[in-house]
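The stops below follow charged pairs.

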Amino acid sequence: EAEREEAARVEKERLERERMARLEAKYQEQKESELAELNSLEQKFLSAQQWKMEYREHEKWEHYLSCDGIPDPTVPQQINTFMSLWREDQDEDVQLVMEKGEQVLNLIEKLQLLLMDTPPNEMTAKEAVQYQESILELQDLLHQKYNEATQHLLKVTSMYEDSETGNMQAVIKDKNVTFCIWVNLRKKVRSKTHVFSDAQHGFDVPKSLVLNSAAVRILHTRYDHVSPLWLQCQGLPDLEALESKELAEHPKGNAEEPGEEEKKAREELSVPAEEETCPAGRKKSVVSLKETSNNMEDVNETEEETEKKSEILDRSSQEGDPLAQEETRDKEEAAAAANFVDLRRFVPVGGVFHIDALQLPPQVMEVNDWTMVELVDVGLEVYPYSPEEAEDATESIIQITLGLPDSVVYFDSPVVARWDPEAQQWRTDGISNIKYEAQEKSITFVMGGFYTVALLQDAHLNMPYKAWELQPTGVDEALLVVTTDLATIQIQIKGNQCMLSPVVVEEKDVLSHITGKWMSPLALRAALKRAGVNIFPGEYSHNYVPVTRKAALAEVKACQQMALVAPAFAFASSRWNGAAGPEHVVFKVREHLEADSVQDNNWSLYMFNGQKAQKLKITETSEAFSEEVEEDSEFHSTLYHLLKDFASKAAMDKVEGASCLFMDVVYQLLLTTRVLTYS
């Protein structure tokens with residue numbers, strides 16, 4: 001009996017080897033013709049790029065014809081003239097400044113979208129640098145104008161005098177910015193705590209300000225013009241750069257050169273990486289961010305490395321005074337570095353709060369029918385607040401309460417950080433006693449001085465994803481659903497645009513300001529990230545999220561070919577994707593022609609490495625992962641041809657007739673969410 005079973009097993013293995021050899025031979029025989037056919041289909045992506053280039057040119061021409069007085073931000077003469085004229089404009093009325101500010105923000109957004117969306121063959125390096133410089137100059141000019149408007153308000157404090165306290169208090173806001181200004185006119189403060197009820201911001205007046213004529217300003221900008229520009233200028237992920245960097249850092253033994261297929265896949269993705277398209281800091285000239293990345297790596301040492309450095313320093317301290325001095329310096333630097341925020345992990349959400357103590361300028365006086373004011377040419381002056389001079393340490397601290405914006409989802413208590421203008425980084429020291437009130441949507445904390453602060457959130461709270469699914473919903477229409485531990489994000493796709501469906505967090509509808517609005521994939525990505533809902537992994541996200549990193553060839557090719565057949569096929573996450581290792585991606589597929597025509601149990605499992613696609617014999621409920629091929633299937637060099645073996649004619653007709661713009665949007669969303677790696 002045992003011999004018969006062994007003979008049967010050996011025979012079965014022989015037959016399986018023969019079958020695999022036949023499949024492999026057929027795969028090699030068909031490979032060239034399949035790749036040629038796929039190449040023809042992939043021309044749709046080039047057609048989409050061509051359409052977008054022509055659309056950008058058309059928009060430029062339409063803007064030129066409109067003659068509406070708004071400059072073209074890509075033309076240096078126009079944008080420089082615009083900035084010069086506004087710089088010279090002496091009108092400091094806060095409402096006019098805010099109106100002009102909205103125009104400036106629109107110009108900045110246009111330039112940022114161009115930097116993210118324009119392929120490198122359409123934009124020279126010189127143009128990219130020019131756009132970045134224009135963005136920084138516009139940001140600085142806008143803040144300068146806000147300061148001038150603040151100074152103008154401080155000259156006419158009597159207009160905003162509060163009848164109860166005799167002090168000035170004003171809240172002036174629009175959708176982009178909120179000015180909260182308090183001035184101690186009477187030098188008598190009945191209540192130590194002051195709250196701007198219209199904005200839900202407040203502060204405790206330090207004793208040194210109680211007896212002096214000084215002002216406190218909380219300027220909340222709902223955008224971030226403080227952090228390094230690369231944070232707002234990240235284009236499509238450049239997987240070629242990521243994998244090359246990883247190979248350089250961790251070379252594989254006997255690693256082979258990438259094949260032609262892999263090189264081609266990477267070239268198709270050669271969009272400007274954040275290091276190449278964005279500058280390092282606000283007050284510095286526009287330079288390659290590679291330097292900044294290196295600095296960040298130096299700053300963000302692990303605790304282990306810091307401990308090692310400390311041990312070395314402890315040993316060297318015994319060798320003489322010069323070394324002891326160097327040791328002290330290094331220890332101070334290491335301690336400072338520990339307080340810097342890693343912007344690859346934590347990102348500011350909800351804008352920036354500029355919290356300042358200011359000196360009062362000479363006041364406007366009414367004499368008979370004349371209005372007189374002393375002119376001083378010093379600009380807005382900071383009040384010389386010195387916590388060290390206070391007799392009691394508790395009198396020197398400043399307690400701040402900030403109302404959190406409704407446009408942002410804070411999934412957890414945010415990290416409060418202050419801006420260090422010298423180091424050009426956010427840091428967490430100098431801030432303590434943080435109390436987060438989720439229900440009241442407020443946060444209270446104590447500072448040792450007046451700082452510019454931001455509320456930061458872990459960029460990876462929604463990663464890894466629990467599940468994802470992409471399914472067609474009509475002609476050139478689809479729905480991408482990404483399910484995380486904290487929320488379910490549904491993105492509708494139609495033609496060349498996409499739209500966010502209502503998002504529910506803890507049984508509450510959130511993000512109503514961006515739901516139901518059609519926009520480009522890049523604009524939607526920027527809006528979701530600003531709102532604190534990040535499902536777009538960054539270059540270094542794999543360091544913070546426990547995932548199996550997929551090879552660039554497998555991930556890119558799979559995203560492209562899924563987009564090509566998305567008009568007639570649904571795709572979803574598989575529990576076996578991680579088990580397949582870094583070289584392969586595994587996902588569920590089914591034909592999907594009508595919304596109600598297919599049941600959930602009709603899924604099949606497919607595995608792809610960018611060069612070979614196969615249908616798997618296992619199902620989602622199998623006990624273990626296996627690469628065994630389904631009985632009635634073959635190997636193919638493309639996912640497209642493998643699906644074609646089992647697809648109906650109606651499905652393939654739908655794929656052939658789909659819009660190139662629809663396929664391009666699906667591809668962008670799959671690539672930016674990176675569902676094949678981060679789920």
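Which residues are linked in a network of salt bridges? Select Arg418, Asp420, Arg427 and Asp429: these residues form the network. A salt bridge here is a side-chain nitrogen of Lys or Arg within 4 Å of a carboxyl oxygen of Asp or Glu.

This is a predicted model, in which local features need pLDDT of at least 70 and side-chain atom pairs count only at pLDDT 80 or more, while totals for chains, interfaces and linings use all residues. Residues are numbered from 1 along each chain as its sequence is written, and side-chain values use heavy atoms, with hydrogens and water left out.

Stay on Asp420 and Arg427, whose side chains meet in a salt bridge at 2.6 Å, N to O. Asp420 is buried at 12% relative accessibility, and Arg427 is buried at 11% (buried means under 20% relative accessible area, exposed over 50%, partly exposed in between, with a 1.4 Å probe and protein chains only).

Next, select Lys26 and Glu634, a salt bridge with its closest N and O atoms 2.6 Å apart. Lys26 sits in helix 1 (residues 2–41) and Glu634 in the loop between strand 24 (613–615) and helix 16 (639–646), so the pair links parts of the chain 608 residues apart (helices, H or I of at least four residues, and strands, E of at least two, are DSSP runs numbered from the N terminus). Lys26 is partly exposed at 34%, as is Glu634 at 22%.

Last, select Glu102 and Lys175, where the closest N and O atoms of the salt bridge are 3.0 Å apart. Glu102 lies in helix 4 (residues 94–117), and Lys175 lies in the loop between strand 1 (168–173) and strand 2 (177–183). Glu102 is partly exposed at 29%, whereas Lys175 is exposed at 58%.

A search of the whole structure finds 21 salt bridges.
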